[in-house]
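Okay, thanks for coming, everyone. Let's get the structure up on the screen and walk through it together.

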Amino acid sequence: EMCIETGFPSLHFKVAGRNATLVLPKTPAENRPWIWRQEFFGNEPQADIALLKEGFHVAYVDVQNMYGAPAAMDIMDRFYETLVRDYRLSPKTVLEGFSRGGLFSFNWAALHPGRVAAIYADAPVCDVASWPGGRGKGTGSPEDWLRLLDVYGATEQELSLYTSDAADDLI
C-alpha cells in the first residue's frame with residue numbers, strides 16, 4: 001500500500017504488539033540504508049521523502065508516549081532486529097529525533113553506538129526536567145510529565161536524582 005505522507009509504497013506490521021511501518025524506496029541504495037523516525041511519523045516529511053528518492057528506507061515503530069524509557073528501548077531493539085534480519089536493512093541506521101523523538105534517539109544510540117550511522121535531530125528533547133517537566137526555560141507539559149513518570153516507573157523525587165540527560169550519555 002502507498003504511504004499517504006510520502007507517496008512511496010509501505011509495509012505495515014506489528015513488532016512487540018506495536019504498529020510498525022516500513023516505507024520502501026523505488027530503488028534501494030547499495031547496503032540498504034534506512035532512517036528511523038522515532039516520533040511524529042509523517043509530520044514534515046521533507047527529509048524522509050528526499051532520502052527515499054536517494055534509496056533510503058524510512059522506518060517507524062509506535063513507541064508514542066514512552067519518552068525513551070527502558071520499555072521503549074526494548075521495543076526498539078526488537079524492531080531493529082526485525083528490520084535487519086527480515087528486511088535485510090543495513091546494520092547501521094540513521095536515527096531521526098524530531099522533538100520528543102530526541103529522547104528515543106539519544107537513549108537508543110547510547111545503548112547501541114555500533115548500530116548508529118548518524119543522528120538527525122530537529123529541535124530534540126534531551127532533558128526531561130525541562131520538557132515535559134517544565135523545570136527549565138520551557139513551560140513543560142503536566143500531562144506528559146505524569147505519563148513519563150509512569151512509564152519510567154519513578155516518582156518525581158527518584159527522577160530528580162537522575163542527573164544525566166539523554167545527550168550526556170553520548171559523551
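**Salt bridges and a helix pair**

So, Arginine 37 is buried, with a relative accessible area of 1%. By buried I mean under 20% relative accessible area, with exposed being over 50% and partly exposed in between, using a 1.4 Å probe and protein chains only. Before I go on: this is a predicted model, where local features need pLDDT of at least 70, side-chain atom pairs count only at pLDDT 80 or more, and totals for chains, interfaces and linings use all residues. Residues are numbered from 1 along each chain as its sequence is written, and side-chain values use heavy atoms, leaving out hydrogens and water.

Now, who does arginine 37 pair with? Its salt-bridge partner is glutamate 96, with the closest N and O atoms 3.1 Å apart. Arginine 37 sits in strand β3 (residues 34-37) and glutamate 96 in strand β5 (residues 93-98), so this pair ties together parts that are 59 residues apart in sequence. Helices (H or I, at least four residues) and strands (E, at least two) are DSSP runs, numbered from the N terminus. Glutamate 96 is buried too, at 3%.

For a salt bridge, we want a side-chain nitrogen of Lys or Arg within 4 Å of a carboxyl oxygen of Asp or Glu. That rule gives seven salt bridges here.

Here's another one: arginine 18 with aspartate 62, at 3.8 Å from N to O. Arginine 18 is in strand β2 (residues 18-23), while aspartate 62 is in the loop between β4 (57-61) and α2 (70-86), so parts 44 residues apart in sequence get tied together. Arginine 18 is partly exposed, at 23%.

Next, aspartate 144 and arginine 100 meet in a salt bridge at 3.4 Å, N to O. Aspartate 144 belongs to helix α4 (residues 142-152) and arginine 100 to the loop between β5 and α3 (101-111). Both count as buried: aspartate 144 at 7%, arginine 100 at 15%. And there's a network of salt bridges linking Arg100, Glu143, Asp144 and Arg147.

Contact here means heavy atoms within 4.5 Å; among the residues making it are Met73 and Tyr80 of α2 and Phe104 and Trp108 of α3.
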